[in-house]
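This briefing covers charged pairs, a pocket, a sheet and backbone geometry in one predicted model. The sequence and structure are shown first.

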Amino acid sequence: MESVFIAGSITIKSLPSLFVEKLDSLIAANLAVVIGDANGVDRAVQSILDDRGAANVTVFCSGKVPRNNLGNWPVKEIYSTAEPGTKAFFTAKDVAMAETAELGLMLWDAKSTGTLSNVIELTRRGKKTVVFVNKMDAFTIIRGVQDLQNLLKVMSDGALDQAEKKIGLSAAVRKLTQQQAGFSF
């Protein structure tokens with residue numbers, strides 16, 4: 001059964017109506033949902049899924065106990081060697097969700113490096129990601145590096161600088177470009 005990795009910016013607490021409509025269509029199609037346990041979009045999406053009675057949901061967490069599991073769904077614990085509470089610690093579950101799901105659905109504030117990393121990870125694996133860009137109030141589809149580069153154009157210079165510092169954005173895009181061109185280094 002096809003599964004979708006749903007995630008988004010931790011700063012976003014309420015979901016736009018277009019994004020909720022997309023969630024409703026996923027529920028109606030009975031797609032398996034893999035979702036993290038963070039506050040922000042993860043928690044807001046969990047609330048909608050719980051309200052709608054979605055049963056085909058798995059909550060991924062780094063560590064033993066999820067921070068949020070509003071529907072009391074099955075939990076997939078992801079082991080991480082990183083220091084608990086650090087970005088690297090929580091990234092382990094995001095990578096596992098990108099491995100598990102066939103596609104992604106992201107709600108992005110045009111600056112969150114965590115959400116952007118998820119899009120990059122899915123793209124690296126050749127998986128499509130549907131991204132709702134909050135400040136544009138619109139969806140965009142990422143199928144490859146060119147789509148990703150177009151997505152980056154919505155970021156402010158300050159957000160791009162932060163992404164460079166936090167996730168090495170230009171190196172990640174360069175590596176993805178080489179991968180998609182068939183080069184192996």
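**Lysine 93 and its partner**

- Lysine 93 is buried, with 4% relative accessible area, which is below the 20% cut-off for that class.
- The side chain of lysine 93 meets that of aspartate 94 in a salt bridge, with an N to O distance of 3.0 Å.
- Aspartate 94 is buried too, its relative accessible area being 15%.

**Other salt bridges**

- The structure holds 6 salt bridges.
- In general, side chains of opposite charge can pair when their charged atoms come close.
- Arginine 52 and aspartate 24 form one of these bridges through their side chains, at 2.7 Å from N to O.
- Because arginine 52 lies in the loop between helix H2 (41–51) and strand S3 (57–62), while aspartate 24 belongs to helix H1 (residues 17–28), this pair ties together parts that are 28 residues apart in sequence.
- Arginine 52 is partly exposed, with a relative accessible area of 39%, and aspartate 24 is likewise partly exposed, at 30%.
- A salt bridge also links arginine 67 to aspartate 37, with the closest N and O atoms 2.8 Å apart.
- Arginine 67 sits in the loop between S3 and strand S4 (75–78), and aspartate 37 in the loop between strand S2 (32–35) and H2, so the contact ties together parts that are 30 residues apart in sequence.
- Which of these two partners is buried? Aspartate 37 is buried, at 1% relative accessibility, whereas arginine 67 is partly exposed, at 41%.

**The largest pocket**

- In general, rolling a probe the size of a water molecule over the atoms shows where empty space is left.
- The largest pocket holds about 530 Å³ of space.
- Its lining consists of 24 residues, and Ile10, Lys87, Ser112, Gly114 and Thr115 are those nearest the centre of the pocket.
- At least two lining residues come from each of strand S1 (3–8), helix H3 (87–100), helix H4 (113–124) and helix H6 (157–167).
- Helix H3 gives the most to this lining, with 5 residues.
- By class, the lining of the largest pocket comprises 11 polar, 8 charged and 5 nonpolar residues.

**The sheet**

- Seven strands are arranged in the order S4-S3-S2-S1-S5-S6-S7, forming an open sheet with mixed pairing.
- At the edges are S4 and strand S7 (138–142), each of which pairs on one side only.
- Neighbouring strands of this sheet are turned by 20 degrees against each other on average, direction ignored.
- In general, strands of a sheet pair through backbone hydrogen bonds, either parallel or antiparallel.
- Strands S3 and S4 pair in the parallel sense, over 4 bridges, and among their residues cysteine 61 has glutamate 77 in S4 as its bridge partner.
- Strands S2 and S3 also pair in the parallel sense, here over 3 bridges, and valine 33 has valine 57 in S3 as its bridge partner.
- Strand S3 is largely enclosed by the rest of the structure, because 5 of its 6 residues are buried.

- In general, most residues other than glycine have a negative phi.
- Alanine 110 has a positive phi, near 70 degrees, although this residue is not a glycine.
- Where is alanine 110 found? Alanine 110 is located in the loop between strand S5 (103–108) and H4.
- At 4% relative accessibility, alanine 110 counts as buried.
- Aspartate 137, which is not a glycine either, has a positive phi of about 55 degrees.
- The loop between strand S6 (129–133) and S7 contains aspartate 137.
- Is aspartate 137 buried or partly exposed? With a relative accessible area of 47%, aspartate 137 is partly exposed.

Technical notes: Residues are numbered from 1 along each chain as its sequence is written. This is a predicted model: local features need pLDDT of at least 70, side-chain atom pairs count only at pLDDT 80 or more; totals for chains, interfaces and linings use all residues. Side-chain values use heavy atoms; hydrogens and water are left out. A salt bridge is a side-chain nitrogen of Lys or Arg within 4 Å of a carboxyl oxygen of Asp or Glu. Buried means under 20% relative accessible area, exposed over 50%, partly exposed in between (1.4 Å probe, protein chains only). On a 1 Å grid over the protein atoms alone, a cavity is a set of points where a 1.4 Å probe fits but cannot get out, and a pocket is an open set with protein on both sides within 12 Å along at least five of seven lines; lining residues have an atom within 4 Å of a point. Grid points are joined across faces, edges and corners, and a volume is the space filled by probe spheres set on the points. Ala, Val, Leu, Ile, Met, Phe, Trp, Tyr, Cys and Pro count as nonpolar, Asp, Glu, Lys and Arg as charged, and the others, Gly among them, as polar. Two strands pair if DSSP finds at least two bridges between them. Axes are lines fitted to C-alpha atoms, for helices over the stretch in contact, and angles run from 0 to 180 degrees between N-to-C directions.
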